[in-house]
Amino acid sequence: MLAAFAGGGLAALLGACGVGEETGGGDRRGGTLRAGAPPPPTAVDPVTMYDGTAIAIVQLVAEYLIWLDKDFKLVPRLAESWQSADGGKRWTFKLRPGVTFSDGTPLDAQTVKASFDRLLDPASKSAALSAFDTVLKAGGVSAPDAGTVEFALQRPFGDFPYLVSAGNYNALILKPDYAGDFTKHAIGTGPFVLTGYNASTGASFTRNEKYWDAGKPYLDGVELKFYADDQADLLALQGGDIDVQILSRAALAQPLAGTGAVDVDTVKGTGVTVLTLRTDKPPFDRKEVRQAVAYALGRPAILQSIGSGVGDLGNDHLLAPLFPAAPTDLAQRAQDKAKVAALLQGAELRFTLTFEPPDKDYAVTVQNQLKQAGITVELDQRSSKDFYGGDQAKDTPWLFTQANLVGWAGRAVPSQLVIPMVKSGGVWNGSKYANPELDAAADAYDTATTDAARKAAAATVAKILHEDVPVIIAYWSGTVRAYQGKKFKGVQAHPAQYVDFSSVTRA
């Protein structure tokens, strides 16, 4: 009886609640949340976008089959359930019934299929193509009935649900006739409707009265204002002109935590700046030399000075603590100058570290710490254009220098770091590392069909990388979100700085 009532009378009752009335938790409904963000440098197009502001705008309006929460857990959204078959090579998703787009069009499996067909079409220039590479290709999606979507993969992939979740931020479900004009015809199944957009000043949203999650969103709307720089955005928050930041910088926002001026929510993340060592040429063709560099670093100091104290210590492997399969029993590598001396056996170590301007402070910190351990580092700063320029197959600095620092955006699954970065022949393997045992363990991780098997394979990957040290991970970046906690509740940070304001209420 309660289930039937929730589907009809209760939904109508909740939808009729007005400004100032309470949610089930006692918080107040209604009001407009004012958010600040930099102007999007790219088109606000769900298919091609890759900047944080564009992603936030689209996520207020459109949705994924699965949401990725702040703990990297998969949360059903447009898909109610999913299961694998054929050893993880075929996946079936059951859609949530009764969902409609904001224009009243029902959601069905053919619509979901059309969305992924669009993302998998090279002509669309989809930003999701790299995430699906070697896993899912065009023609691999089918709709056996209106409520079921099937994915036939190129190879077994146990973490596939993450690739159709918010973890793959372009994997939003759009109508089949979407034509790339999102800011003019923004139709989605999400909690808000885009009612106005100006590329210079901002965007406005109202609550979607047809939203499938009865009673949500609690807000009446969202107003997004664009600010030219991070400092102006933060000043607007402190001055009360906005209520929340979309893209808070930890270095600016974290010092405000606990001061009473604003509230700052903090979460772990999978973003990382990697110190890559070229393993196919001296001096880093010897494992002991690479280990010496790793033992010369004071990771807590780097996390504090470069990461603003937000994040986790790295342990020279690519299984971030936030990943569910991350090992917990591998001893944390710590600074040990005696160990450095023993590994180098009296030999002088000198090398050049190449980097782009955003990583200058990190490079200088590495140089100073290694100097204290008797290692000389010469700094080679390149412009970002030069650092990533050249022939990507033979001479681009970020892949072919002796040692370099490369910033990697957060990934939803470890394979999106392991396969391109350290697997033999990986497309972004700047260390030129090749180890058949690592390759086999990475394959075992992808094909694992149980959590236990996945964790066992992940432990092997981590142990090999920790021992061989083709890449050094000093810390994993966390993320923060600053907001006016005295005005609104339910604002959360997210590892990828995603937004979900459907549960935000007035305080």
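The structure is a predicted model, and the values below are computed from it. The protein chain holds 17 helices and 20 strands, and buried residues make up 53% of its 507 residues.

**Overall build**

- When the C-alpha trace of the protein chain is laid along its principal axes, it spans about 80 × 55 × 40 Å.
- Of the contacts between residues at least 6 apart in sequence, 67% join residues that are at least 24 apart.
- The accessible surface of the protein chain amounts to about 20,700 Å², and carbon and sulfur atoms account for 51% of this surface.

**Aromatic pairs and a cluster**

- A pair of aromatic rings is described by how far apart the centres are and by the angle between the planes.
- When rings are counted as paired if their centres lie within 6.5 Å, the count comes to 19 aromatic pairs.
- One of these is the edge-to-face pair of Tyr 197 and Phe 226, with 6.3 Å from centre to centre and 70° between the planes; the angle counts as edge-to-face because it is over 60 degrees.
- This pair links distant parts of the chain, since Tyr 197 belongs to strand 8 (residues 192-198) and Phe 226 to strand 10 (residues 221-226), 29 residues apart.
- Tyr 197 counts as partly exposed because its relative accessibility is 27%, whereas Phe 226, with a relative accessible area of 10%, is buried.
- Tyr 388 and Trp 398 form a tilted pair, in which the centres are 5.6 Å apart and the planes make an angle of 55°.
- Tyr 388 lies in the loop between helix 13 (384-387) and helix 14 (397-400), while Trp 398 lies in helix 14, so the pair ties together parts that are 10 residues apart in sequence.
- Tyr 388 has a relative accessible area of 31% and is therefore partly exposed, but Trp 398 has a relative accessible area of 9% and is therefore buried.
- One aromatic cluster is formed by Trp 82, Trp 91, Phe 93, Phe 116, Phe 132, Phe 151 and Phe 160.

**Charges over rings**

- The charged end of Arg 333 sits over the ring of Tyr 295, at 4.7 Å from the centre of that ring.
- The charged end of Lys 432 sits over the ring of Phe 400, at 3.8 Å from the ring centre.

**Lys 216 and its surroundings**

- Lys 216 is located in the loop between strand 9 (202-207) and strand 10.
- Its side chain makes a polar contact with the side chain of Ser 503, at 3.0 Å.
- If neighbours within four places in sequence are left aside, Lys 216 is in contact with Arg 207, Tyr 211, Ser 502 and Ser 503.

**Ala 56 and its surroundings**

- Ala 56 is part of helix 3 (residues 52-61), and it counts as buried because its relative accessibility is 3%.
- Not counting residues up to four places away in sequence, Ala 56 touches Ile 246 and Val 499.
- Ala 56 and Gly 260 are 204 residues apart along the chain, and their C-alpha atoms are separated by 27 Å.

Technical notes
Residues are numbered from 1 along each chain as its sequence is written. Side-chain values use heavy atoms; hydrogens and water are left out. Rings of Phe, Tyr and Trp (its six-membered ring) pair if their centres lie within 6.5 Å; planes under 30 degrees apart count as stacked, over 60 as edge-to-face and the rest as tilted. Helices (H or I, at least four residues) and strands (E, at least two) are DSSP runs, numbered from the N terminus. Buried means under 20% relative accessible area, exposed over 50%, partly exposed in between (1.4 Å probe, protein chains only). A charge sits over a ring if NZ of Lys or CZ of Arg is within 6 Å of the ring centre and within 35 degrees of the ring normal. Contact means heavy atoms within 4.5 Å. Accessible areas come from the Shrake-Rupley method with a 1.4 Å probe; for residues, only the protein chains shown count as cover. A polar contact is a pair of N or O atoms within 3.5 Å; within protein, one must be able to donate a hydrogen and the other to accept it, and residues adjacent in sequence count only if both atoms are side-chain atoms.
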